[in-house]
Amino acid sequence: MPPSADSDVISQLIAAHGQQRGALLPLLHAIQARFTFIPAPAIPEIAAALRLSRAEVEGVISFYADFYREPPPLHRLRICRAESCRACGSEDLWQQASAGHGAQTAIETVYCFGACAASPAIEFDGRLCCRVDAAQLDALLKDAS
Amino acid sequence: MSVRIRISEDSVAIALGADALATALAQAAAQHGESLEIIRVSSRGLYWLEPLIEVDTGQGSFGYGPLAVSDVESLLAAGFLQGAAHPLALGPVESLPFLERQQRLLFARAGKTRPLSLDDYLASGGYAGLKRVLAAGGDAFMAELEASGLRGRGGAAFPAHLKWATVRGAASGERFVVCNADEGDSGAYADRMLMEGDPYALIEGMTIAALCVGARHGYIYVRSEYPQAIAKLQAAIGHARAAAYLGDDVLGSGQAFELEVRQGAGAYICGEESALLESIEGKRGQVRARPPLPASHGLFGRPTLVHNVLSLASIPIIARDGGAAFYHFGRERSRGTLPLTLGGCLQHGGLVETAFGLSLRTLLYDFGAGAKNGEIKAVQVGGPLGAWITASDFDLLIDYEAFAAHGAILGHGSVVAVDASCDMAGMARLAFTFCAAESCGKCTPCRIGSVRGGEIIDRLRDGSAQHDQDVALLLELCDTMRDGSLCALGGMLHYPVRSALTLFPDAFPKWRAK
C-alpha cells in the first residue's frame, strides 16, 4: 500500500485499538466509522498488526453483516422483517421500498430493533422510526432520491 | 416554582416523537410564560401511550399521551401543568390498570429516573446491594443467591448459583464476567429498555458478580441494533468509574473491577454464549462444541461467568433485599419476576413485569387489551424459535416448567401476537429464512437444513404435488435439526415450524388438481 493519508489514518486506528485483547472487532468498527467501509488495503495492515493471517481477517469481515467491503450507498434503509413487524405490515413496506428506492439508497433486512410494541419499525440513516406507514416511508424514499 | 415534567428518552419513545415533543413543549411554555422543568427519564414501557408526558402535580404523577406536537397548545390551554382534564389525559399514571397490576423489581425505576444520573440511581436504592456484599462478603452472598432461586433469564433457566459456584471454585488465575447483551430474539425488548433506562443496575450486578467470583475484568457485548444502549452503558461506566464504583479499588474494598462495552456486528448467533465469546476474542461468531462449558473454559480459555442482562440486573435486588424477598415472588421452581414484552397486533404493547405464574390469557387480554383488529389468532412466546400457541391454550401459566410441559418455551419472555391477517405458512418460512441467514455454518443440520426446510415450505405453500411426503420430510428434518444441531438456533427451530404446521394445516394446502 503506497503511503497516503488513508494509510496514516489506518495506522493511527491500529495504534489506538490494536492493543486490547480481542482487538479485531473494535478495530474494524473504528475503521468503518472513519471510512464507511473496510478499505481493502487495510486488511494486510490489520493482519500484520494483530498477528493474524489475511484470510482470518477476511473471514471475520465476511461473517458479520455490519461490515462493508465496498463504499455503501449514500443512504441506508433497514426494515425489520421479524415476526412482530411482519404481523404489522413490514412485508408491504419491504415491497414498497424495493420498488421505489433510488440508486443512492441501500435496503437491508434486520431482525428486530427491539421496538416490537410499536411495529413496524425501520431505520433510515441510523434514525429509528416506529409505527411506520406507507406515506411515511414514501416521504423518506422521496427525500433520499 | 417550576413544574416538573417527565418525558422518556428511550429510543422507541424518541422514534415516536418524544424529542420533538419536548422541544415544542419547552418553546410553547416559554411563550405562555409558564415555568416548567423538563427532565428526560427512562420509559415506563407503556408504548401505546408514547410519547407520554408526566406532570408532577403534588397529588402524584399525571400522564398525557400519546401526544403529538400539535397537542401542545391545547395542553397548555387546558392547564395540564395543574393536571387538568384533556382528551388525552390519563390521570395518575401509577393507577393505570396496566401498571397497577405489575410487580416491578427490575423495572422499579422505569419512567422515574434519569438513566445516566448516578444521584437518581443512588436515591432509588442503587448500590445498596454492592455495599451489603462488600460488608458481608462473597460467601454470604452466595447463600443469598441460592436462596433467591434465580435461574438464568436467557431461556435455559439454569440455576444461577451453580454457575457462579463453578467459576468461583475454579483454580486461581484470571477469570471474567461477561454480559450477553446480544440476545437478539425478535419480540424481546426488555434488555434494550434496561440498558437504555437503568444502565447502573447492570453495572452494579456485574460488579457484585465479579467480586464474588474473583474476576477483575468484565465485558458487556451489546448488539449493534441497540446504539443508544451502547452509548448509555459507555457513559454510565465512565461515571461509575469516576465515583469509584468501578476501577482499581471498588469503593475502597481493595478489589479491582474494570468493565468494557463491546459492540456486536449484526450476527444473531453471537447471542449464543460460546459464539459471543469467540466474537469478543475477535473471531467469527461460531458456536463452540461443549463441553467444556464457559464456566470452566470461557473467554480466552479462562473460567467465565456468562449471564444475560436481566439475570445480572436481578443481582443488585437480591443483594439489597435478600434472597428470601426475591424467592417470595413466583411459583414452583420459577422464582422472582419475569419482564414480559408484548408486541405484534396487541392494542397495548409494552412491558409487563410480574411474578411468574400469570396466565397467558391475562397477559394478552387484561394487559394487552386484545388485538387491534378482530381476534388474536396465535401468539409466539420466546422469540423466533418459540412455539406458536392458540386460544385453546391461553390458560397456560408463565412458568418455565409449565411451558416445557406444553412443548413450548418461555425464552426471554417475548410475546408476539398475530391476528387473522397473518399468513402462518409465511411465518414458518420466516423461521427457516431467519435460520439460514443467521446460521454460523458450523454444524450441518442448521446450515443445510435451514435452506432445505425453506424449500419444502415453499412447495407446500404452492400446493405441493407430493404434499404428504413433503410434510413427513419436513417433520423428519425438524427432528434432525433438533437432535443434531450444536446450539439452540438449529436445535429449537422445530418449535415454530412444527406448531405452525400442526395448528394451521390449512395454511399448507393440499395439492390442487389444475
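In which sense do strand β6 (residues 176–181) of chain B and β9(B) pair, and over how many bridges? They pair in the parallel sense, over five bridges, and View 2 below returns to that pair.

A few notes before the views: this is a predicted model, in which local features need pLDDT of at least 70, side-chain atom pairs count only at pLDDT 80 or more, and totals for chains, interfaces and linings use all residues. Residues are numbered from 1 along each chain as its sequence is written, while chains are lettered from A and ligands numbered from 1 in the order in which they are written. pLDDT is the predictor's confidence in each residue, from 0 to 100; chain B averages 95, and 99% of its residues score at least 70. For the complex, the predictor gives an ipTM of 0.96 and a pTM of 0.97.

**View 1. Chain A and its elements.** Chain A holds seven helices and four strands (DSSP runs numbered from the N terminus: helices are H or I, at least four residues, and strands are E, at least two). From the N terminus on, these elements run α-α-α-α-β-α-α-β-β-β-α. The C-alpha trace spans about 50 × 30 × 25 Å along its principal axes. Chain A has a radius of gyration of 18 Å, whereas a compact globule of 145 residues would have one near 15 Å (taken over C-alpha atoms, the globule rule being 2.2 Å times the number of residues to the power 0.38). Look also for R51(A), in the loop between α3 (42–50) and α4 of chain A: R51(A) is not a glycine, yet has a positive phi of about 55°.

**View 2. The parallel sheet of chain B.** Four strands form an open sheet in the order β8-β7-β6-β9, with parallel pairing (two strands pair if DSSP finds at least two bridges between them). β8 (258–263) and β9 (304–308) of chain B stand at the edges with a single partner strand each, so one side of each has no neighbour in the sheet. From one strand to the next, the twist averages 20°.

View 3. α10(B) lies across β6, β7 (217–222), β8 and β9 of chain B, and runs at about 150° to β6(B) (axes are lines fitted to C-alpha atoms, for helices over the stretch in contact, and angles run from 0 to 180 degrees between N-to-C directions). Helix α13 (residues 309–321) of chain B packs on the sheet too, touching β6 and β9, with its direction at about 100° to that of β9(B).

**View 4. Where α6(B) meets α10(B).** Helix α6 (residues 128–136) and helix α10 (residues 199–213) of chain B pack at about 10°, their axes 9 Å apart. G129(B), L130(B) and V133(B) from α6(B) meet E204(B), T207(B), I208(B) and L211(B) from α10(B) (residues are in contact if their C-beta atoms, placed from the backbone, lie within 7 Å).

**View 5. The contact of chains A and B.** This contact takes 34 residues from chain A and 42 residues from chain B. On the side of chain A, the elements giving two or more residues are α2 (24–35), α4 (54–63), α5 (83–87) and β4 (127–129).

**View 6. Two cis peptide bonds in chain B.** The bond from E50(B) to P51(B) is cis, with omega near 0°, and P51(B) lies in the loop between β2 (36–41) and β3 (53–56). The bond from P291(B) to P292(B) is cis, with omega near 5°; P292(B) sits in the loop between α12 (273–280) and β9 of chain B.

How values were computed:
Two residues are in contact if their C-beta atoms, placed from the backbone, lie within 7 Å.
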